[in-house]
Amino acid sequence: MTWEDLASTALVGTDRRPYEGELLESAAVEVVRRRAGRQLGETTEQEQQEQADDEELPAVTARAAERLARILGGEYDRLLPEWLAAASTAGRTVPPYVLPELLDRGRRDQSIRSHLGLVAGQRGRWLAALNPAWAFLLEEPTGETWELGSPADRRAYLSHLRRQEPKRARELLETGWEREEPDDRAAFVEVLADGLSMDDEPFLEQALDDRRREVRQQAANLLTRLPESRLAQRMAVRARSCLTFTRSTITVEAPEVCDAAMERDGIRAKPPRGIGERAWWLQQVVARAPLGLWGRPARLLKMKIPDWDAEVKAAWVRAAVLQRDPEWARAMFAWDPIADLLEALGPDEQQRLAADFVKEHDLDSQLIMVLGGVSSHWREGLATAVLRKIIKVATTQPWNLGELIKLAGERIDPSLAELAENYSPVPPIQQVAALLRFRADMLKELS
């Protein structure tokens, strides 16, 4: 049997399952061999001896597998991350014949890797061990425990424990901290963002002395969110020396130097291209100072800042994002609608602000970025605002609608497919409705 015969036979319907399983596995392995430069039928001694372990999780249904093949074939291909996430949540694995294509996608697109470790199953990990290009899969979560898992498994385990028992998760991390690899330490510190409290402050303060810059930066970011932390108080002292307030004016004196103590607290000495050193240091100091230091943002934004105005306000934007302060995020979004600010707000307020923004602004890249920052699933208020915008733009700039149509179909709650379908008969709206129907069916098949 030739490679083409094997591959085509492997893709037949599911009514020949006993024979199909062997063919699909053979087809997937032959893809690896072909891409490794070996001919059909050639095997190494190791490959002859090894076989994939039995799957521990059930496979997705035939309908779900068929829809995945359609997505991989280019039909609504941007839904692949959502399909994988839903399959992973359901504890299902993918059929063998899609594994080569999925692993190739994962090689090129890191955003889908976190779910591949589970949905690829034992066969996927076996294939990944045969092809160095797919070896990334061996570092993704598989459901193993803290003691036995890969780095990704251990991160997933720690994240789950942190959500359930924050103190126990931190204590588990502290116990073996010195034995962890530098890359793992940075990822583990980031996990502590969930359920962060002053109980974590001593550990994070100690992490500021870590040899790895990424660890120090993550620790500083989390300590910035704790206004009572020692780091926040040190930043408050520095920030007060930079900003002086009168009745209606803020006088600014940017730092002259960035010393070792500042660097330890997360201030990066070397600025990005196009920004001066003092401006860079000023932004970072103000961004890491507790926002409660300054008073109400609505009043401050009305005050005059003769020098360094843009730098101070950019720092307040960064502070609102870092410290996840809803009042400041709301005020700074009104001043400069940056999508990152929405992360500090709950889903309901995100959608209200985004709906107002859609009503008041023309369709441009900024509007798309704001909508991209709103978490799914969009409910009726935002959905209606976006559908209305699509109709309006369809009469004036129909060539400019492509991304908005896709984003609407991918982010609106799929239960609103009928609302979209009945909203207007114009083709762009019906395109959104069709995508919502596709997603609704997809999620139902994976539930």
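Of the 447 residues in this chain, 48% count as buried (under 20% relative accessible area; over 50% is exposed and in between is partly exposed, with a 1.4 Å probe and protein chains only). Before you click around: this is a predicted model, where local features need pLDDT of at least 70, side-chain atom pairs count only at pLDDT 80 or more, and totals for chains, interfaces and linings use all residues. Residues are numbered from 1 along each chain as its sequence is written, and side-chain values use heavy atoms, with hydrogens and water left out.

**The whole chain**

Switch to cartoon view and you have 25 helices and two strands; these are DSSP runs numbered from the N terminus (helices H or I, at least four residues; strands E, at least two). Contact here means heavy atoms within 4.5 Å. Of the contacts in the chain with a separation of 6 or more, 64% are between residues 24 or more positions apart.

**Stop 1: H9 and H10**

Select 151–164 for H9 and 166–175 for H10: their axes come within 5 Å and cross at roughly 140 degrees. Axes are lines fitted to C-alpha atoms, for helices over the stretch in contact, and angles run from 0 to 180 degrees between N-to-C directions. Show side chains for Tyr-157, Leu-158, Leu-161, Arg-162 and Gln-164 on H9, then Pro-166, Arg-168, Ala-169, Arg-170, Leu-172 and Leu-173 on H10; these make the contact. By type, they divide into seven nonpolar, one polar and three charged (Ala, Val, Leu, Ile, Met, Phe, Trp, Tyr, Cys and Pro count as nonpolar, Asp, Glu, Lys and Arg as charged, and the others, Gly among them, as polar).

**Stop 2: H11 and H13**

Next, pick 182–191 (H11) and 213–224 (H13), whose axes come within 8 Å and cross at roughly 10 degrees. H11 and H13 are therefore roughly parallel to each other (angles under 35 degrees; over 145 is roughly antiparallel, 65 to 115 roughly perpendicular and the rest oblique). On H11 look at Pro-182, Arg-185, Ala-186, Val-189 and Glu-190, which meet Glu-214, Val-215, Gln-218, Ala-219 and Leu-222 of H13.

**Stop 3: Arg-238**

Jump to Arg-238 in helix H14, residues 230–242. Is Arg-238 buried or exposed? At 17% relative accessibility, Arg-238 counts as buried. Beyond four places in sequence, Arg-238 touches Ala-261, Met-262, Asp-265 and Val-285.

**Stop 4: H20 and H21**

Now select 347–360 (H20) and 365–372 (H21): the axes come within 10 Å and cross at roughly 165 degrees. H20 and H21 are therefore roughly antiparallel to each other. Ala-354, Phe-357 and Val-358 in H20 meet Gln-366, Leu-367, Val-370 and Leu-371 in H21. That contact comprises six nonpolar residues, one polar and no charged.

Zoom in on Gln-366 in H21; with a relative accessible area of 30%, Gln-366 is partly exposed. Setting aside neighbours within four places in sequence, Gln-366 is in contact with Asp-336, Pro-337 and Phe-357.

**Last stop: the nonpolar cores**

Which residues have the most contacts inside the largest nonpolar core? Select Leu-243, Trp-294, Trp-316 and Leu-371; this core has 94 residues. A nonpolar core is a set of buried Ala, Val, Leu, Ile, Met, Phe, Trp, Tyr and Cys residues joined through side-chain atoms within 4.5 Å.
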